Amino acid sequence: MLVPYHPRLIEELRAPTAAAPLRVLVSGCIAGWGCGVDGTDYGMKGSLTDVLARENVRAFPFCPEQHALGVPRSMPDIHGGDGVDVMHGRARVLDEHGVDLTEKMLEGARAMVAFALENRVELALLTDMSGACGSQVISLGCRFDKPRRFQKGVGVATALLLDAGIHVMSQRDFRSLELLRKRLDAGHVPNIEARDHHEHPWTLSQLSEPHPRQ
Ligand code: SF4
């Protein structure tokens with residue numbers, strides 16, 4: 001199984017062209033779909049347009065929660081582990097009312113993997129903190145509990161994608177995104193100050209332990 005943060009990931013990507021664009025699976029909300037629990041895109045539209053609209057990139061949007069649970073829906077969060085634990089039956093996904101959404105989340109995740117394989121994606125750019133698409137940081141239990149708690153770990157869809165051999169990056173992995181921009185455009189000068197989500201001061205202050213699978 002791949003790990004969610006892979007420092008050599010970008011170096012190992014091929015150099016894409018307009019004729020053979022990089023095939024990227026994208027969280028539907030990053031593509032601007034109104035697939036969030038409240039029917040919005042969580043304000044994500046446009047966050048990666050400079051990457052996804054390039055002629056040497058082809059984006060494949062998908063929302064695993066919309067696929068399995070529809071819109072609007074209640075909020076799924078993982079209890080007792082992360083997405084890998086859910087995949088192995090060691091943790092469950094519950095909404096804010098205590099309804100068990102584990103099987104639905106697995107159904108959406110399997111559909112996302114099938115979509116990714118069918119479209120031969122080479123990389124996934126997903127929305128962090130989601131119980132489905134998270135790849136670096138997710139909620140520890142229900143996100144509506146006060147205070148909200150966080151854990152290092154992956155969402156359910158990310159776990160199944162990694163298990164299927166598909167690399168996953170978060171939209172908050174700013175350092176890796178800068179390296180990706182350089183890979184897509186040789187003239188791009190990366191911002192050397194940019195940090196990935198697990199290097200961000202907030203993450204370091206809140207979650208000091210290394211990722212459980214690094
Ligand atoms: S499941 Fe993923 S694609 Fe769907 S709204 Fe949540 S973060 Fe976005």
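## Helix α7 and its cover

The buried residues of α7 have cover that includes α1 (9-12), β1 (22-27), α2 (49-52), β2 (57-62), β5 (123-126) and β8 (168-170). Helices here are DSSP runs of H or I with at least four residues, strands are runs of E with at least two, and both are numbered from the N terminus. Helix α7 itself covers residues 174-184, and its buried residues are Ser176, Leu177, Glu178, Leu180, Arg181 and Leu184. Buried means under 20% relative accessible area, exposed means over 50%, and partly exposed is in between, with a 1.4 Å probe and protein chains only.

A word on the source: this is a predicted model, in which local features need pLDDT of at least 70 and side-chain atom pairs count only at pLDDT 80 or more, while totals for chains, interfaces and linings use all residues. Residues are numbered from 1 along each chain as its sequence is written, and side-chain values use heavy atoms, with hydrogens and water left out.

## The chain as a whole

Stepping back, you can find eight helices and eight strands in the chain. A compact globule of 214 residues would have a radius of gyration near 17 Å, and the chain agrees with its 16 Å. That radius is taken over C-alpha atoms, and the globule rule is 2.2 Å times the number of residues to the power 0.38. Along the principal axes, the C-alpha atoms fill a box of roughly 50 × 35 × 30 Å.

How much of the chain is buried? Of its 214 residues, 53% count as buried. Among contacts with a separation of 6 or more, 67% come from residues 24 or more positions apart; a contact means heavy atoms within 4.5 Å.

As for charge, the chain has 24 positive and 27 negative charges, and their mean positions are 3 Å apart. Lys and Arg count as positive and Asp and Glu as negative, leaving out His and the chain ends. Each charge is placed at NZ of Lys, CZ of Arg, CG of Asp or CD of Glu.

## Helix α5 and the residue after it

Helix α5 has 17 residues (102-118) and should span 24 Å at 1.5 Å a residue; its end C-alpha atoms are 24 Å apart, which agrees. The expected span is 1.5 Å times one less than the number of residues. Its buried residues are Thr102, Met105, Leu106, Gly108, Ala109, Ala111, Met112, Val113 and Ala116.

Just after α5 comes arginine 120, with a positive phi of about 55°. Arginine 120 lies in the loop between α5 and β5 and counts as exposed, because its relative accessibility is 57%.

Histidine 67, in helix α3, touches Gly108 and Ala111 as well as Phe62, not counting residues up to four places away in sequence. Histidine 67 is partly exposed, with a relative accessible area of 45%. From histidine 67 to threonine 203 it is 136 residues in sequence and 30 Å in space, C-alpha to C-alpha.

## Loops worth a look

Where is tyrosine 42 found? Tyrosine 42 is in the loop between β1 and α2, and has a positive phi of about 60° although it is not a glycine. Its relative accessibility of 42% makes tyrosine 42 partly exposed.

Two cis peptide bonds can be picked out in loops. One runs from valine 71 to proline 72, with omega near -5°, and proline 72 sits between α3 (64-69) and β3 (77-79). Another joins lysine 146 to proline 147, with omega near -10°; proline 147 is in the loop between β6 (137-139) and β7.

Glycine 131, in the loop between β5 and β6, is buried at 4% relative accessible area. Not counting residues up to four places away in sequence, glycine 131 touches Pro76, Ile78, Met105, Arg143, Gly155 and Val156. Valine 154 belongs to the loop between β7 (150-152) and α6 (156-163) and is buried, at 1% relative accessibility.
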